[in-house]
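Open the model in your viewer and follow the selections below in order. Each stop gives something to select and says what is there.

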Amino acid sequence: MIINSVRFHVFLFLPIILLFSLSLKGQDRDAGLWTSFSFEAKVAKKLNATISQEFRFNENISELGTSFMEAGLSYKLNKHFQVSADYRFSQKRRVDDYYSFRHRMYIDVKYEKKIKPVQFQFRSRLQDEYADIGRASDGGRPEYYLRNKLNLSFDLDKPYSPYVSVELFSPLNYPYFNAFDNIRTLAGVEYSFSKRHKIELFYMIQKELNVSRPQTDFNLGFGYSFKL
């Protein structure tokens, strides 16, 4: 019965993702690969620390577009709510083949609720990012974003857990304010070898919004995480 319920939810969301991908006409497209490694350790009761490294390849997986290292702390308020704060240092490839140095800080608030076999998670993120401080023509003016993400995962009482998610990006800078300028739709699966070792495989479609010729990226992702 659990399997049938999961199949129903998966087939409910897959058509949405497929219809979204088929509607992409007259746009710039690219294929990418995202790889990551993360390490998590308990600092105190309900308080965890995380550090991760990620490499993102673009131009049909022919060049390294972005690499970054990230570190943060998360605190579990109760069984439903969690807050976290993170810092990211990244290098992003520019059109002139030089790399832009970027600093990003963000705060997350997450809400989780499980109605077995489905686990709902809603995350709201407030972030700001500085690019090329002291080198950029605008002096490194920060970009502010509000990012809301809904994730549905499925507990099959198995080592693996499939999931689907959608995330909307809302720029907060004036005069660039728009309701949304980017959307990510994603489907993937997590596989736990043990309580400490886990891998993740996903496929993502990322599309710009409210621009004359939007960029659309089709990304395959693979990640490994270790929890102490």
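Select Tyr75 in strand 3, which spans residues 63–76. The model is a predicted one. Tyr75 has 36% relative accessibility, so this residue counts as partly exposed. Now extend the selection to Leu77, Phe81, Val109, Tyr111, Phe122, Leu150 and Val166: together with Tyr75 they form a nonpolar surface patch, with about 650 Å² of accessible area in total.

Next, go to Lys42, in strand 1 (residues 28–44). Its relative accessibility is 62%, over the 50% cut-off, so Lys42 counts as exposed.

Move on to the loop between strand 8 (160–171) and strand 9 (182–192), where Asp181 is placed. Leu172 belongs to the loop between strand 8 and strand 9 as well.

Start with Leu172. At 39% relative accessibility, Leu172 counts as partly exposed. Show Glu143 too: Leu172 and Glu143 are 29 residues apart in sequence, and their C-alpha atoms are 7.6 Å apart in space.

Then select Asp181. Does this residue have a buried or an exposed position? Asp181 is buried, and it has no salt bridge.

Conventions:
Residues numbered from 1 in each chain as written. Predicted model: local features only at pLDDT ≥ 70, side-chain atom pairs only at ≥ 80, totals over all residues. Heavy atoms only, no water. Helix = DSSP H or I, 4+ residues; strand = E, 2+ residues; numbered from the N terminus. Buried < 20%, exposed > 50% of the residue type's maximum accessible area, 1.4 Å probe, protein only. Lys, Arg positive; Asp, Glu negative; His and termini not counted. Salt bridge = Lys/Arg side-chain N within 4 Å of Asp/Glu carboxyl O. Patch = residues over 30% accessible without salt bridge, like charges linked within 9 Å, V, L, I, M, F, W, Y side chains within 5 Å. Areas by Shrake-Rupley, 256 points an atom, 1.4 Å probe, with all protein chains shown as cover.
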